[in-house]
Amino acid sequence: MALSKKDFEGKDVNCDDFTMADFQDFESDDLFEVAEYFYEVVADTFRKKYMVYGQPMMTSPKTEFEVFDWNRNIIRKFLNFCSYNYLGFSYHPEVIKAVQEAIAEFGTGAVSAPLLSGYSGIVRKLEEEIASLKGKDMAVVFPTGYGTNLGILSALLRPGDVAVMDILSHASIYDGVQLAGADIKVFSHNNPSHLEKVLKNLDTKRVIVCVEGVYSMDGDLANLPELIPICKRYGAKILVDEAHATLIFGEKGGGVAEHFGLEDEVDISIGTFSKSFGAIGGFAAGKEKIMTYLRLYSRAYVFSCAMAPHTAAGILKVFEIYKKDKSLRDQLWQNVYYMHGKLQEAGLDIGSTKSQVIPVMAGNDLRLREISKMIQEKGLYTGVVTYPAVSKNKTRLRLSVSAKHTKEQMDECVRILSEVYQSLR
Ligand SMILES: Cc1ncc(COP(=O)(O)O)c(C=O)c1O
């Protein structure tokens, strides 16, 4: 039943009794009233020293970093298994130098929307690199990955159209479709026969199927070899979000579609620069005519300031380094296999990950809360993932492995995790 004011009046608020899901349908005539009561829960979370979200990072996101610890009110050093710095490019000296040089030449921002004067020649070059990496005619660079899915899907779809998506798709995919007013149909995770059942029952041909290359909360791969032929059979268009897969999968680093040799079958390839590239921004790549249309109709592109030239310069340097030398990626894969093995040996449930994104399943919210408090006390920082990012009983810690983690750091991470998970069995 939905919460309302009467559930709180005259009572002491205990954060253990609530999750974020509880406040979504809070009943009130006043738009702001929910915030009053939610705030009491947040305050109790701080009082009980459970607040692990949004702690300010005080140093660069290397494999060890300093964070302002809300619960102790001090800056502390942590082992970092949380950043998406899979290849360590955000602090690569050559990348930093390229960014510094671009700032000296072009200043700190694009200071205009891309269709006016904000579209830098460096961003244009970056779009060409992305198109070539993805084996597509053209790419469009957006200010963020979130904005890319929002902009592309809301421009492409309209009421009456249908987006059929894997149930575990990222929030930005759901939000883009919702903004378009199109219908959302989900199929169970990576399940070809369920996808087929959903497609068979649609009464429109204006359909796009959306999946992720590497699933952002589970680390497993889209089953493209089985899903794509079904999409083709029903004439559905295909969008693959390769946010976590770009530079990691595929010989060229194009992602999971390239890994399976299916690049040409994907209509729109999405990605972000906030993961392996160590920067910020997003992109969509596809056929020239489609990209030209989307560039002019994606409101998240048209009405937002363009990517800063120095950001593009840093990403272009990443391309230059990566094309010459894949040793960082090789090291990442060694670390990934090492971590998978060690975590499994320790009896931890890492789901069906096949990548550098590793969930360590925690069960319900209350157990996750204890686990996250304890690992932070022991100096380990990981993603702490709960509803709405995952369903309520599938909460987890999410580890992001980097090429830069040492064996000692990985062993220490596994040691802390197994100690904490065992103590809370
Ligand atoms: C699959 C997926 N798509 C899109 C995004 C959004 O990207 P960004 O954080 O760069 O805006 C993310 C971010 O976590 C993601 O995991």
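This is a predicted model: local features need pLDDT of at least 70, side-chain atom pairs count only at pLDDT 80 or more; totals for chains, interfaces and linings use all residues.
**Whole chain.** Start with the cartoon view. The chain has 15 helices and 12 strands. Its radius of gyration is 22 Å, close to the 22 Å that the globule rule gives for 425 residues, so the chain is as compact as a globular protein of that length. Along the principal axes, the C-alpha trace spans about 60 × 50 × 45 Å. Now colour by burial: 47% of the 425 residues count as buried. Among contacts with a separation of 6 or more, 70% join residues 24 or more positions apart.

**Ligand.** Next, select the ligand and its surroundings. The shell holds 14 residues. Show Gly145, Ser216, Ala243, Thr272 and Ser274, which are the closest. Then pick helix H5, residues 145-156. Helix H5 gives the most to the shell, with 3 residues. Colour the shell by residue class: 10 are polar, 2 nonpolar and 2 charged.

**Core.** Move on to the largest nonpolar core, a set of 119 residues. Select Ala139, Val140, Leu153, Ala163, Val164, Ile208 and Ala284, the residues that touch the most other members. Domain 1 (64-81 + 327-423) and domain 2 (93-324) both give residues to the core, so it lies between them.

Finish at Ala139. Leave aside its neighbours within four places in sequence. Ala139 is then in contact with Glu127, Ile130, Ala131 and Lys134, and also with Phe283, Ala284, Ala285 and Met291. Ala284 is itself among the core residues that touch the most other members.

Conventions
Residues are numbered from 1 along each chain as its sequence is written. A residue is near a molecule or strand if its C-beta atom, placed from the backbone, lies within 6 Å of it. Helices (H or I, at least four residues) and strands (E, at least two) are DSSP runs, numbered from the N terminus. Ala, Val, Leu, Ile, Met, Phe, Trp, Tyr, Cys and Pro count as nonpolar, Asp, Glu, Lys and Arg as charged, and the others, Gly among them, as polar. A nonpolar core is a set of buried Ala, Val, Leu, Ile, Met, Phe, Trp, Tyr and Cys residues joined through C-beta atoms within 7 Å. A residue is buried if 20 or more other C-beta atoms lie within 10 Å of its own, exposed if 12 or fewer, and partly exposed in between; C-beta atoms are placed from the backbone. Domain bounds come from an automatic or database domain assignment. Two residues are in contact if their C-beta atoms, placed from the backbone, lie within 7 Å. The radius of gyration is taken over C-alpha atoms; the globule rule is 2.2 Å times the number of residues to the power 0.38.
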